[in-house]
Amino acid sequence: MLELQQQQWGKDYFFTSPSEKVIKHYRLAGHQAIKLSLMAGDKLAISSQDKAQNSELIVLNSNGKSAPELLDNRPPVPAVTIKQQLEQTGAAAEQLRGQLANWQIDSSHLEQVLSISGSETANLTALNELNVIIVAAGAKMTVVQQSPVTEIDIKVTYAEPNNDSLPEPLGPIKSELRIPLASAKTYEVQKGEWIQIIDVHGKQCSDFVAFDKQALEQGIEVGLDATATRTVMGLSNPVPGLHSRFLGTDLLSMVEVVQDTVGRHDSFLLACTPKYYDDNGYFGHISCTENFNRVLAPFGIAPRAGWPAINLFFNTAIDDSGAVFMDEPWSRAGDYVLFRA
């Protein structure tokens, strides 16, 4: 059983302009692709972080046909970097082939793409409803080359407020939950299943706790333990790779971090408590702790005065003097952490 909870104040960082237009930022790593849906008037800005990575855009109209003219008036050209990647072997080529197949992209679509130079910051405006597939592709770098495929920055300014888009799912979806503001929900997963926790709007913190279901059925609470995790992993927070496990109070692995697009979270502090709000003069303010106590009670889990949750996306660390400091979350709209139970 896993728990995700959003804190109320997180939405204060929701990106808006004076006209209430929604702005969302996306990172597109090298060798990756992303599909976005745009409406008339939505603006798309694309730039290369190192000013060297070209990007190629496949623009589709509502019927799934190539329609680059709906996004820009530059002449479409045959894809170059996409084809280079597809012609190779390896995980990157295989993943891109799978994504394009899922999006029903065939070879004819690759003959009419918009090519954005790495040295250019492209500002494009959708003229009608469309889907755009943005690809940061290229051939694998050999050991004697200095030409890696690098990251692309994407910013979408939606013409209408409350446009709510999520990144493409990483695999078949078994269940999908939206955690409303200042609330908590519970859900169960089986060993080996995946949990993708997404920051929808950016700069949103999400407290996360997990319990061993088999232990609970025996009346024993075995939950995530940040101290046990730090002791065994030797890190403030697990990262993908060799040091990727969150451990429980029994020192056994509970969840594994498989992908993390942010890299800064909090496992040092308690989730917000009634005491925190009372001490600051917000008497009766809803807290993460109360939310946890309410939704976990049906499972026989005793209430607590404070929950040592893993606060995903909360920008917390320890400085050289030993003090705990915090800052605005690094996460942007669409950033996520992928766990495996």
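Mentor: One definition to start: buried means under 20% relative accessible area, exposed means over 50%, and partly exposed lies in between, with a 1.4 Å probe and protein chains only. By that rule Phe339 is buried, with a relative accessible area of 0%.

Trainee: What kind of model is this, and what limits apply?
Mentor: This is a predicted model: local features need pLDDT of at least 70, side-chain atom pairs count only at pLDDT 80 or more, and totals for chains, interfaces and linings use all residues. Residues are numbered from 1 along each chain as its sequence is written, and side-chain values use heavy atoms, with hydrogens and water left out.

Trainee: How many helices and strands does the protein chain have?
Mentor: Six helices and 18 strands.

Trainee: What about the overall size?
Mentor: The C-alpha atoms fill a box of roughly 65 × 50 × 45 Å along the principal axes.

Trainee: How much of the protein chain is buried?
Mentor: 45% of the 341 residues count as buried.

Trainee: What share of the contacts is between residues 24 or more positions apart?
Mentor: 77%, taken over contacts with a separation of 6 or more. Contact means heavy atoms within 4.5 Å.

Trainee: Switching topic. What about helix α6?
Mentor: Helix α6 covers residues 288-296. Seven of its nine residues are buried, so the helix is largely enclosed by the rest of the structure. Among the buried ones are Cys288, Phe292 and Leu296.

Trainee: How many aromatic pairs turn up?
Mentor: Five, in a search of the whole structure. The rings of Phe211 and Trp307 have centres 6.0 Å apart and planes at 90°, so that pair is edge-to-face. For the rule, rings of Phe, Tyr and Trp (its six-membered ring) pair if their centres lie within 6.5 Å; planes under 30 degrees apart count as stacked, over 60 as edge-to-face and the rest as tilted.

Trainee: Where do Phe211 and Trp307 lie?
Mentor: Phe211 lies in the loop between β12 and α3, and Trp307 in the loop between α6 and β15, so the pair ties together parts 96 residues apart in sequence. Phe211 counts as buried at 5% relative accessibility. Trp307 counts as buried at 2%.

Trainee: Back to Phe339, then. What about its pair with Phe246?
Mentor: The ring centres of Phe246 and Phe339 are 6.0 Å apart with planes at 80°, so this pair is edge-to-face. Phe246 is in strand β13 and Phe339 in strand β18, so the pair ties together parts 93 residues apart in sequence. Phe246 is buried too, with a relative accessible area of 4%. Ring pairs link Phe208, Phe246 and Phe339 into a cluster.

Trainee: Is His31 buried or exposed?
Mentor: Buried, with a relative accessible area of 18%. His31 sits in the loop between β2 and β3.

Trainee: And Gln104?
Mentor: Gln104 also has a positive phi, about 60°, and is not a glycine. Its place is the loop between α2 and β6. Gln104 is exposed, with a relative accessible area of 67%.

Trainee: Last one. Which residues does Ala136 touch?
Mentor: Leaving out residues up to four places away in sequence, its contacts include His31, Gln53 and Val149. Ala136 lies in strand β8 and counts as buried, at 0% relative accessibility.

Key
Helices (H or I, at least four residues) and strands (E, at least two) are DSSP runs, numbered from the N terminus.
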